[in-house]
Amino acid sequence: MNYRHQYHAGNFADVLKHALLIPLLRGMQRKDKGFLYLDTHAGRGRYDLASAARGDTLERTPEWPAGVGRLWERTDLPAPVADYLALVKAFDRRNRTAAEAVDLSKPRFYPGSPWLAQALARPQDRLALCEKHPEEFAALRAELDFEARATLQSMDGYTAVKAVLPPPEKRAFVLIDPPFEDPREYAHVVGALREGLRRLSGGTFAVWYPLTERARVDAFFAELVALRPPPTWSAELTVVGPTSPVKMKGCGLVVINPPWQIDRELSPLLPWLASVLAQSPGGTADLRWLVPE
Ligand SMILES: C[S@@+](CC[C@H](N)C(=O)[O-])C[C@H]1O[C@@H](n2cnc3c(N)ncnc32)[C@H](O)[C@@H]1O
């Protein structure tokens, strides 16, 4: 468990994931009935971007300037991206001291998925937040312990899928956002989806994945479709062309059982994000159905 999200916070991958997460959760809230938000790999909930440049031993190039940094001062954001950025800016502002608030021209603090979900949660919604790394968990607890609707657990997120599903509400949104350091990660994800769908066939499951190896992602999709899930789509963004030497060329979010017709709202965002987040020519973005509605 060497992975620290701190170095990646606010990068293009976080932008894609969080800019989709917010409208997906709002889509879940079209129904009055409450639901459980399960974040299997929650992270620390709050990232200080000033530390993103300091590695354990070496200086690192921070990734947020090519991510949320590209959006910060734009005034032409599509509505769901404006919604996302307003939440990020509110979080950034409330974490700053008075001295740090003098210059708001670039982000300083970036929220993790648990904070974003907590900011949107209604009184009838609940959160289950799992983080296995002890230091990350301690930070998460410091960030969100006040939240009565949240249960925080220092445990394996895949085990949590079995432990908390089905919830009493019979409605759940599960975010699976692993580090993909372990070569068996996709197998763990598929196993968790199998268990999750068995326990709550009407649940909504969103999995973030890196685009490092196209063939591996396609194999993952094949395993996923073999589970015979409800309607499923995948939203993908690449920030460099296929021949670029950059290792992680893009990323995606696959969503099983998305809120009805939300793809119509989200599809137009993707080309916009691709043009704003491109790092070299050849980047693309699209939303495609793996299991049609
Ligand atoms: C990509 S980060 C999560 C970011 C977070 N979801 C967000 O969007 O703000 C992945 C996190 O998973 C944690 N982690 C790694 N293996 C885990 C496991 N088996 N169960 C739960 N957490 C794990 C890591 O410590 C790391 O904080």
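Student: Which residues of helix 5 (residues 134-144) are buried?

Tutor: This is a predicted model, in which local features need pLDDT of at least 70, side-chain atom pairs count only at pLDDT 80 or more, and totals for chains, interfaces and linings use all residues. Residues are numbered from 1 along each chain as its sequence is written. A residue is buried if 20 or more other C-beta atoms, placed from the backbone, lie within 10 Å of its own, exposed if 12 or fewer, and partly exposed in between, while helices (H or I, at least four residues) and strands (E, at least two) are DSSP runs numbered from the N terminus. In helix 5 the buried residues are Glu136, Phe137, Leu140, Glu143 and Leu144.

Student: Why do the buried residues of helix 5 line one face?

Tutor: On the other side of helix 5, Pro134, Glu135 and Ala142 are exposed. The buried residues line one face because, seen down the helix axis, the directions from the axis to their C-beta atoms fall within an arc of 120 degrees.

Student: Which residue of strand 7 (residues 204-211) is the bridge partner of valine 174?

Tutor: Strand 6 (residues 172-176) has five of its five residues buried, so it is largely enclosed by the rest of the structure. Four bridges join strand 6 to strand 7, and the two run parallel; strands pair if DSSP finds at least two bridges between them. Whereas leucine 38 stands opposite valine 174 of strand 6, the bridge partner of valine 174 in strand 7 is phenylalanine 205.
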